[in-house]
Amino acid sequence: MKRRINFLCMILTVITILETVALSATVFYSIMTREVTEDLKNSTDVMIESDAWKMVSDPEHVRMGKTPRHLRITLINQKGDAICDSYANIEGMGNHKNRPEIKDAFAKGEGKSVRNSQTLGKSAFYYAVRLENGNVLRVSKEVSSMTGILLSTVPRLALLCILLFAACVILSHALTKSIVRPIEELAQNLDGPAVYHIYDELEPYVTTIRSQHEDIIRNANMRQEFTANVSHELKTPLTSISGYSELIENGIATGDDVQRFAREIHKSSNRLLTLINDIIRLSELDVTTEDIMEEIDISELAGNSVEMLQMSAEKHQVKLSFTGKSEIVQANRQMMDELVYNLCDNAIRYNNPGGRVDVSVYREVNRVVLEVKDNGIGIPEKDQDRIFERFYRVDKSRSKSTGGTGLGLAIVKHIIALHDNVQLELRSRLGDGTTVYVYFQEPGMKKDLQKTEENV
């Protein structure tokens, strides 16, 4: 990257220097041309006003050098023939009538032109004026051409270009280092404090890179923690199954113990199957692109889940009830079935003997609400932000005794995230129970993502 930036800067430097030299020479030559032409015009006007031009017609004056040596003065008659010339012999001179400056002088009263000599490296400037007698007075002057000027300044220009190029190389090297430095510091210090040598234009990119790196680390830690939790959760029922079966196999368990151990094996097996199914479902939700939305009666789904969980509620000595009328929402039927089931099952498991779980569906202005309310143990405020994490349990001993896997609410969170029109809110106080609200927005209404993330 550094080499590429330096190389591009050097190319840009060379192009800039060449363009600057060419532009400067062009501007200088244009100014010089205007000045020389103006000088010739002034000299011609002075000659005409003072009649000094008449000395050109006297060959003695010409030979004696009484005409200005830096000027060439030519007098041309109306036919275009030279009458006299301060530098050249008129006998060898051709007709001048078609010369641009002479033609303009006869037609407009004055004319000017520039002719270059490539062999001599000179430019001849001509200015001609028509006199009162009909003849034309032409004054000319030779100066160095553009090529001649450039050739005369080549050594100085070359030295100046070398110095400029060297300065630009040093500056481009410093600029490249300043551009790349924040990225290098970031690469060497991704896990450390924020990079301080950042200019404003690069700050969004550096911030994004750091954020992405932090997300990668966080996800890696979550996967590592999830793997450890899965291993631990699977190990517990497998250890029980292995231990009880070994006692039966060795004949240590007899009579009623065999039946009791078999019951524990069956219980651990069911827990193991439930855990595996929840893990598989979470993995599916992590990578799912399923977007099968349909109109479903959320009251019907809630009523079915309540009916299915009545036996579990009786086992935990909890009264489970449902109230509500038909309400149609847009959602994925299978996912909503899982969501309602997991919320109700969680409310039953974390309740007290003699407690209640009330499930209801009703409408609020422009949304349908599914409410799952219990008067169970409640959730401490410090744990409310984490209960939707995988394997997170507020009361680990209670969770083990009730057979919970710690994945039910994590599945609920994933289902909510996959629905743009659904959001969840949790309200709970320790010892006073928990209420979960699931809001189904009307078609066309978008979910408040920020509020959902805060609630979930």
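So, strand β12, residues 433-441: nine of its nine residues are buried, so the strand is largely enclosed by the rest of the structure. By buried I mean under 20% relative accessible area, while exposed is over 50% and partly exposed is in between, with a 1.4 Å probe and protein chains only. And strands here are DSSP runs of E, at least two residues, while helices are runs of H or I, at least four residues, each numbered from the N terminus.

Quick note on the source: this is a predicted model, where local features need pLDDT of at least 70, side-chain atom pairs count only at pLDDT 80 or more, and totals for chains, interfaces and linings use all residues. Residues are numbered from 1 along each chain as its sequence is written, and side-chain values use heavy atoms, with hydrogens and water left out.

Back to β12. Both faces are covered: G433, T435, Y437, Y439 and Q441 are buried on one side, and T434, V436, V438 and F440 on the other.

Which strands pair with β12? One is β10, antiparallel over eight bridges, with R367 opposite Q441. Another is β11, residues 422-429, also antiparallel over eight bridges, and there R429 has G433 as its bridge partner. Pairing means DSSP finds at least two bridges between two strands. β11 and β12 make a hairpin with three residues between them, and G431 in that turn has a positive phi of about 85 degrees.

Now, most residues other than glycine have a negative phi. But V365, not a glycine, has a positive phi near 50 degrees. V365 sits in the loop between β9 (356-364) and β10 (367-374), and V365 is exposed, at 80% relative accessible area.
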